[in-house]
Amino acid sequence: MAFSFAAATTTLTSPILCKTTANQHHSLEAQYIKRAAEIADKSSGFTSPHPNFGCVIAKGNNIVGEGYLYAQGTKCAELQAVEAGGELCRGSTAYLNLEPGDCYGDETAISSLIKAGVSRVVLGIRHPLQHLRGKAIRSLRSEGLQVDVLGEELQSETVQEALKSCFVVNAPLLYRAASRVPFSVLKYAMTLDGKIAASSGHASWISSRQSRNRVFELRGRSDAVIVGGNTVRRDNPRLTARHGAGHMPVRIVMSQALNLPEVANLWDVSEARTIVATQRGARKSFQKLLASKGVEVVEFDILNPRDVMEYCYDRGYLSILWECGGALTAPAIASGVIHQIFAFVAPKIIGGANAPSPVGELGMVEMSQALNLIDVSFEQIGPDMLISGYLQPIPDLTPIIPSADETSAIDPSVTLYDANIILFYKTWDPYGAFSNFSPHPLRISDENGDYVTWPTVEHYYQAHKFIGVDDPLARDCVNQIKCAKSPEEAARVGRTMQLQHPHLVRLDWETVKIDVMYRALKCKFSIYPHLNSMLLSTAGSILVEASPHDLFWGGGREGEGLNYLGRLLMQLSKRVIVAWDKECKPYVEGRRGIRRLEEMSLAMHMNLSWHFLTGEDDFCNYMRDKMPNTYPEMVT
Ligand SMILES: NC(=O)C1=CN([C@@H]2O[C@H](COP(=O)(O)OP(=O)(O)OC[C@H]3O[C@@H](n4cnc5c(N)ncnc54)[C@H](OP(=O)(O)O)[C@@H]3O)[C@@H](O)[C@H]2O)C=CC1
Ligand SMILES: Nc1c(N[C@@H]2O[C@H](COP(=O)(O)O)[C@@H](O)[C@H]2O)[nH]c(=O)[nH]c1=O
């Protein structure tokens, strides 16, 4: 079945392009790659930032199928494109903006291209993550497909332009891979005389409604939005994405003194999560108050933008929007964590010698020291002008960092991961298939013995919070979760309903949630043999879900999390190593935990009791008895 693309197809099938010279051919290929990048960007703002994949399948001058990854854990772009193209894919060329990054043990993207009979693949860029770089290219070539990479096999001016669109659409992933911090955009609105507020501090509004709508979109494309304490005191912001899409960024407040209002819009976490990053030990009583409202408080030894960005990196964030005032933008810029600027300039003058400006003290004394933006663009939005550009070029990692295989060939002593501890979190991580967001549908019997299909473990787990509750709203909620387009959406609906309507959650949830999760995992790993072999291949290692914030299912920031997801996976592969102290805290898993493991013999001489559990039932019973009320405030 041919796919119809109004604008794109009309241009691409014009008679002029039928007689393609080498240059025209490059130009056609460049157009297809640009199209792949363009559709790859479609999910941004609707789901959490994730690597953006688009696939266009073309035969000669005709596009026969295309697809893009909607969210982490949904059907890959390549499979959607070959499904759209059907038989027409035989002998065709697939254009991908980014090398496929299949989860370990799961090669859906590659195998769907091979099975569909695609004979050539043109790639925009190699995968920037070291464990994935070059892997798909090698697999495809070993199956006899021709693979051409832009800037390598294909070079010309038009190809350079297409390459740029591939860099831009995955800029967050490229920065993240190169610098181990998320991609950060600094956005501000200023008057024509360079003020972000009047001298009184009043700032609403400088930019127009149209510009502020654009800000909502920028928020939707970000994992988190950051402001400083003063902005909270002065503006009482909401910082939500109100452009009508599904994805809500986490709100982060950086406050050293924690001298923040007791009542604030950001403390209402029913709309979106809030994290307060503060100095270790700051106002403990206020920290407790925030925690009681469901706000997470994260302490830092010395609160500064780089450490907060490293924390966000650990949390798996790809993209951050800074919406703070000048006192915080200056240290953020100075510490090199800001990559792109969005300045909305309004045609207004407010004056005022003490009115604040977008960037505070940078210590520069001569114009020659000024930071010059790269790739600057200008766009009129309503009455305002949006000036944007990069403070640091988008990194091209290809020539710099070798792939995982190349690294071990150069130096066999280098191993990417500690053999004893395997961390997993995002689906694109190594072992990402262990994540509950991984795209592995489950077919599992319900309480009446009927078989039901769930798109992911996350869908199944979230829905079970409300299953069996005799209330139409609870039933509606189960359906909403079942139909959620992505695991992220399923988690959002489940968590929001739990927070806003706690009475809809089944009464036995705290006692059964581990069993529910275990049942889903058992089903997932029995349906997919490659996942099961992957799990078995981790024998001898401790599995830890590297979530720094989910202290129940994840390992926590310092190994303080209970890591039940990791444990259940180990349990599935019949490996359980658990040691407990008297407060039932685990003494094995977690980054620091591994050291504690080495110290176990010491622990025996200390005031600790510990248990090894081996049987499946033994393990579940133990947890049911011991853990029901641990971290009751966490919504997991
Ligand atoms: N037009 C626009 O786009 C915007 C305008 N504004 C306006 O700007 C004004 C607030 O500006 P400003 O005070 O600069 O902004 P912020 O409050 O956004 O940033 C400063 C605050 O950040 C916190 N902070 C945490 N770590 C650090 C650090 N390492 N260095 C410096 N500060 C840190 C401190 O909070 P604490 O004191 O709690 O410790 C500090 O007071 C308001 O009038 C607001 O309306 C704000 C944002 C955008
Ligand atoms: N004043 C100003 C902005 N200010 C930023 O927006 C925040 C308020 O967001 P919200 O409460 O979600 O509407 C505020 O705290 C500050 O960070 N932004 C703009 O685009 N234009 C403006 O003129």
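Student: Which residues are buried in α19?

Tutor: Y564, L565, G566, R567, L568, L569, M570, Q571 and L572 are. This is a predicted model: local features need pLDDT of at least 70, side-chain atom pairs count only at pLDDT 80 or more, and totals for chains, interfaces and linings use all residues. Residues are numbered from 1 along each chain as its sequence is written, while chains are lettered from A and ligands numbered from 1 in the order in which they are written.

Student: What makes a residue buried, exposed or partly exposed?

Tutor: Count the other C-beta atoms (placed from the backbone) within 10 Å of its own: 20 or more is buried, 12 or fewer is exposed, and in between is partly exposed.

Student: Which residues does G468 touch?

Tutor: E447 and R506, leaving out residues up to four places away in sequence. Touching is contact: two C-beta atoms, placed from the backbone, lie within 7 Å. As for G468 and V478, they are 10 residues apart along the chain, and their C-alpha atoms are separated by 9.7 Å.

Student: What makes something a helix or a strand here?

Tutor: Both are DSSP runs, numbered from the N terminus: helices are H or I, at least four residues, and strands are E, at least two. The chain has 22 helices and 18 strands.

Student: How are α17 and α18 placed relative to each other, roughly parallel or roughly perpendicular?

Tutor: Start with the angle. Helix α17 (residues 509–527) and helix α18 (residues 529–536) pack at about 105°, with axes 5 Å apart. Axes are lines fitted to C-alpha atoms, for helices over the stretch in contact, and angles run from 0 to 180 degrees between N-to-C directions. Under 35 degrees is roughly parallel, over 145 roughly antiparallel, 65 to 115 roughly perpendicular, and the rest oblique. α17 and α18 are therefore roughly perpendicular.

Student: Which residues of α17 and α18 make the contact?

Tutor: K524, F525 and S526 of α17 meet L531, N532 and L535 of α18. By class, that contact has 3 nonpolar, 2 polar and 1 charged residues. Nonpolar means Ala, Val, Leu, Ile, Met, Phe, Trp, Tyr, Cys and Pro; charged means Asp, Glu, Lys and Arg; the others, Gly among them, are polar.

Student: What makes β2 and β5 edge strands?

Tutor: β2 (62–68) and β5 (146–149) each pair on one side only. Two strands pair if DSSP finds at least two bridges between them. The open sheet has 5 strands in the order β2-β1-β3-β4-β5, with mixed pairing.

Student: How do you know that β1 and β2 pair?

Tutor: Strand β1 (residues 54–59) is joined to β2 by 6 bridges, and the two run antiparallel. One cut-off is at least two bridges, so β1 and β2 pair. A58 has I63 of β2 as its bridge partner.

Student: Which strands are the edges of the 9-strand sheet?

Tutor: β10 (296–300) and β13 (374–381), since each pairs on one side only. The order of this open sheet is β10-β9-β8-β7-β11-β6-β12-β14-β13. Inside it, 5 bridges join β7 to β8, which run parallel. G228 stands opposite M254 in β8.

Student: What makes both faces of strand β18 covered?

Tutor: In β18 (residues 542–545), I542 and V544 are on one side, L543 and E545 on the other, and all are buried. Side chains in a regular strand alternate between the two faces of the sheet.

Student: How many residues surround ligand 1, and which are closest?

Tutor: There are 29, and the closest are G228, G229, N230, C324 and G325. A residue is near a molecule or strand if its C-beta atom, placed from the backbone, lies within 6 Å of it. Helix α9 gives the largest share, 5 residues. The shell divides into 15 nonpolar, 11 polar and 3 charged.

Student: Which residues come nearest to ligand 2?

Tutor: A189, I206, D235, P237 and E323, out of 18 around it. There the largest share, 3 residues, comes from α8.
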